[in-house]
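Hi everyone, thanks for making the time this morning. Let me put the structure up so that we can walk through a few spots together.

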Amino acid sequence: MAARFFVSATFVQQRLRLARVSAKLQEVYEQDGMKLEQLMAFTVTDDHARQEQVWEALENSWSKEPQQIRRLLTETTVRASDRRALFVGVEAYVAAGGVVLRDLFEADNGGWLQGPALLDRLVRDKLKSIADEIAAEGWKWIVVDADLPYGYNHGLRAIAGTPVGLTDAERAEREALRAEYDRLEAEYGESDELPDDVDQRLGQIETALEAFESRPMHYDGAEIARAGVFISIDRDGDLVVDRGHVRPEDEAMQAVDGHSAEPGCATENEDSRHDPSARAIITIGAQASEPEEDDGDTIKPLPERLVIELTAHRTLALRNALAENQHVAITALLHRLVLDTFGQRSAIGCVEAFVRHVHLPWQDVGLKDSPAAKAVDERHEAWKSVIPLDDDEALWAWLDRLDEASRQTLLAHCVSYGINALFERPNPYGSGVSQHGLDQRLREADRLSRATGLDMIDAGWRPTVDNYLGRVTKSRILEAVREGAGDQAAQLIDHLKKADMAKEAERLLADSGWLPEPLRLRGNDAARPNVGEEADLPEFLAGDDEDGSATDETAAHAVAAG
């Protein structure tokens with residue numbers, strides 16, 4: 001048909017897709033009730049009932065742009081660029097009976113996967129299959145989670161391994177690839193633009209050479225018998241296998257002769273073999289439930305768990321800011337040490353400089369991919385690669401020889417791991433933090449934020465549906481939009497349902513610089529707002545968590561120190 005009328009095949013496919021739109025909507029278009037661009041947007045799905053439902057919802061709305069139509073038609077789908085889809089592969093999803101929605105009129109980055117439940121099942125099945133293969137290596141336990149949190153290996157000992165050497169065939173292949181890469185570089189190095197096939201081949205060679213550098217590790221069998229593995233996927237859909245972590249309860253502390261053994265030293269009577277397949281654990285991370293809708297325009301307090309997650313972002317950003325400012329880090333450390341040496345203070349405050357690593361018990365899924373998390377991790381790994389940690393005497397000598405600038409940089413990094421700007425519910429009965437201790441912690445966090453120049457917007461935090469807007473009531477969403485984008489913007493979305501309101505609010509607030517109360521700097525007199533009978537808690541905090549089921553026992557376990 002395309003050849004007969006001298007048009008492209010895509011042109012024909014687009015017209016056929018338009019012809020499949022609901023007859024009711026085509027009639028509206030014929031009567032000039034909608035623009036052609038709007039009709040095109042409806043072609044992303046063949047579900048006529050859904051098409052008509054979306055049009056009825058938008059027909060009298062101020063916002064019925066093509067992009068809004070596409071968003072509503074695909075709001076229950078998963079992008080083909082989602083890491084889960086990249087991990088499983090769209091081909092595997094379609095082979096399992098999944099449906100992919102495509103937009104023939106706009107770039108859709110691969111389209112949308114219509115079956116999230118099917119996709120999640122395929123992800124779980126593939127991860128479980130990989131876990132079964134790794135279990136055959138003899139590990140004691142395996143944790144499988146598609147979305148491991150930041151600091152998932154906190155408190156675990158990493159066992160040492162040795163890289164597996166290259167075989168003769170692998171060495172020959174590596175040298176051949178290097179020679180081919182050098183030849184192509186020499187041949188096309190002066191070209192302004194590489195031919196597509198050459199550019200693609202260079203990319204393939206680079207990937208293959210990187211694989212030779214990332215060699216599998218060989219571990220001692222006795223260590224494998226007590227250690228475990230974490231399996232997950234990263235934001236690009238690549239498999240992540242983190243082997244060799246020992247839980248404290250699995251350390252071999254008692255030798256055969258009754259003398260204590262050092263952690264990491266296997267005892268002779270310890271079994272070196274396990275039934276690993278019986279110990280493989282598959283867990284799926286769960287998000288906190290949404291709060292119930294508010295009655296009227298009342299501004300309800302923020303859920304406690306949400307406040308803890310927000311202050312986890314601030315803690316990590318402040319940790320990174322302090323590590324980058326040696327002067328403030330040393331001042332904070334001296335401040336802490338002077339008070340401990342010359343005075344008496346019952347409250348720990350914000351700098352826990354023993355140094356005890358502060359674990360983040362509750363966090364949203366975006367924390368581990370935040371700029372602060374990446375900067376902290378990269379800095380930590382860079383230092384870890386050069387510090388002689390296996391020999392205490394060698395460590396002392398290495399530190400003693402270190403130049404002054406490097407000593408200050410390392411000191412700032414170490415001090416930063418004691419930063420604790422987390423909110424937690426005060427417990428007047430002695431378990432956990434007191435109200436005085438919490439006030440001291442947040443007051444010092446504000447002071448450190450000012451001293452380091454920390455700005456949570458500059459640190460990368462933005463209000464999204466996942467980290468705030470979808471977790472609070474409609475009144476809170478409108479309040480945020482009024483503060484960040486103005487009254488007129490709030491009026492434009494006040495008639496929407498909560499899910500749509502949260503998505504529109506995310507767009508309106510994206511570049512506004514707006515922050516929720518837990519992430520704002522407070523005045524010195526605002527450490528504990530006066531809220532009547534609820535004076536023990538900040539004004540923005542609820543007495544219940546998001547599903548209304550928080551208890552004192554739960555709050556007591558929200559202690560930030562790891």
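This is a predicted model: local features need pLDDT of at least 70, side-chain atom pairs count only at pLDDT 80 or more; totals for chains, interfaces and linings use all residues.

Residues are numbered from 1 along each chain as its sequence is written, and side-chain values use heavy atoms, leaving out hydrogens and water.

Let's begin with the open sheet, where three strands line up as β1-β3-β2 with antiparallel pairing. Strands here are DSSP runs of E with at least two residues, helices are runs of H or I with at least four, and both are numbered from the N terminus. Two strands pair if DSSP finds at least two bridges between them. At the edges sit β1 (78-79) and β2 (100-101), each pairing on one side only. Between β1 and β3 (residues 112-113) there are two bridges, and valine 78 faces leucine 113 of β3.

Next, please find β9 (residues 239-246), which is joined antiparallel to β5 (residues 157-158) by two bridges. Arginine 157 has valine 246 as its bridge partner there. β9 also runs antiparallel to β8 (residues 228-233), with six bridges, and isoleucine 233 is opposite leucine 239. In the β8 and β9 hairpin, five residues lie between the strands, and glycine 237 has a positive phi near 85°.

Finally, glutamine 440, in helix α17 (residues 435-452). Is glutamine 440 buried or exposed? Its relative accessible area is 14%, so glutamine 440 is buried; buried means under 20%, exposed over 50% and partly exposed in between, with a 1.4 Å probe and protein chains only.

Thanks, everyone!
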